[in-house]
Amino acid sequence: MSVDTTAVETVNQAFYTAIENADLDRMTEIWADDLDGEQVSCVHPGWPIVNGRQEVLRSWALIMANTPYIQFVLTDVRVSVLGDVAILTCEENILTAGDEGDSSFAAGKVVASNTFVRTSEGWRLWLHHGSPVLQGDDDEEEEAA
């Protein structure tokens, strides 16, 4: 594994840890700055695209403020580094809790693509795109095989 691949995986894990800990300061450090008219972007599952660093960070603040508990177990993590750009794909296996005082939990799966850019401060997140995986797809694929 290359030094860049390890560094990208480290920043990627920090991204998910920031979500789990509702750490907006850390999230702010992880996202790249908008550059020369180009803006960072984020696609949350079920949301329209969010463009621009300020709007992306605002979206994470909203999610963190309204999520009492969330845990990610990442699987099938793959990294490709192409010069100063890295693409990481993974499956987010998510466990969330209901509202405060509600003892219910829900599980789900999202496939994600995270694009990172190399900056003078290290690798920073440029694009996060999460797409929900419909429940039951695994069963249907096994039956079709």
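1. Is histidine 44 buried or exposed? Histidine 44 counts as buried because its relative accessibility is 3%, where buried means under 20% relative accessible area, exposed over 50%, and partly exposed in between, with a 1.4 Å probe and protein chains only. Please keep in mind that this is a predicted model, in which local features need pLDDT of at least 70 and side-chain atom pairs count only at pLDDT 80 or more, while totals for chains, interfaces and linings use all residues. Residues are numbered from 1 along each chain as its sequence is written, and side-chain values use heavy atoms, with hydrogens and water left out.

2. Histidine 44 sits in the loop between β1 (41-43) and β2 (50-51), whereas serine 59 belongs to helix α3; helices (H or I, at least four residues) and strands (E, at least two) are DSSP runs, numbered from the N terminus. Serine 59 is likewise classed as buried because its relative accessibility is 5%.

3. Leaving aside residues up to four places away in sequence, histidine 44 touches Val50, Ser59, Trp60, Ile63 and Gly130, a contact being heavy atoms within 4.5 Å. With the same exclusion, the neighbours of serine 59 are His44, Trp47 and Val50.

4. For the chain as a whole, there are four helices and six strands, in the order α-α-β-β-α-β-β-β-β-α from the N terminus on. Buried residues make up 32% of the 145 residues, and, among contacts between residues at least 6 apart in sequence, 49% join residues at least 24 apart.

5. The largest pocket holds about 310 Å³ of space. It is lined by 16 residues, of which Pro45, Ile63, Ile70, Phe72 and Ile94 are the closest to its centre, and the elements giving two or more residues to this lining are α1, α3 (53-65), β3 (70-82) and β4 (85-97). On a 1 Å grid over the protein atoms alone, a pocket is an open set of points where a 1.4 Å probe fits, with protein on both sides within 12 Å along at least five of seven lines, and lining residues have an atom within 4 Å of a point. The lining of the largest pocket divides into 11 nonpolar, four polar and one charged.

6. The second largest pocket has a volume of about 170 Å³, and among its 14 lining residues the closest to the centre are Ala32, Asp33, Thr119, Glu121 and Arg124. Both α2 (24-30) and β5 (105-119) give two or more residues to this lining, with β5 providing the largest share, three residues. By class, the lining of the second largest pocket has five nonpolar, two polar and seven charged residues.

7. The C-alpha atoms of methionine 1 and valine 79, 78 residues apart along the chain, are separated by 9.9 Å.

How values were computed
Grid points are joined across faces, edges and corners, and a volume is the space filled by probe spheres set on the points. Ala, Val, Leu, Ile, Met, Phe, Trp, Tyr, Cys and Pro count as nonpolar, Asp, Glu, Lys and Arg as charged, and the others, Gly among them, as polar.
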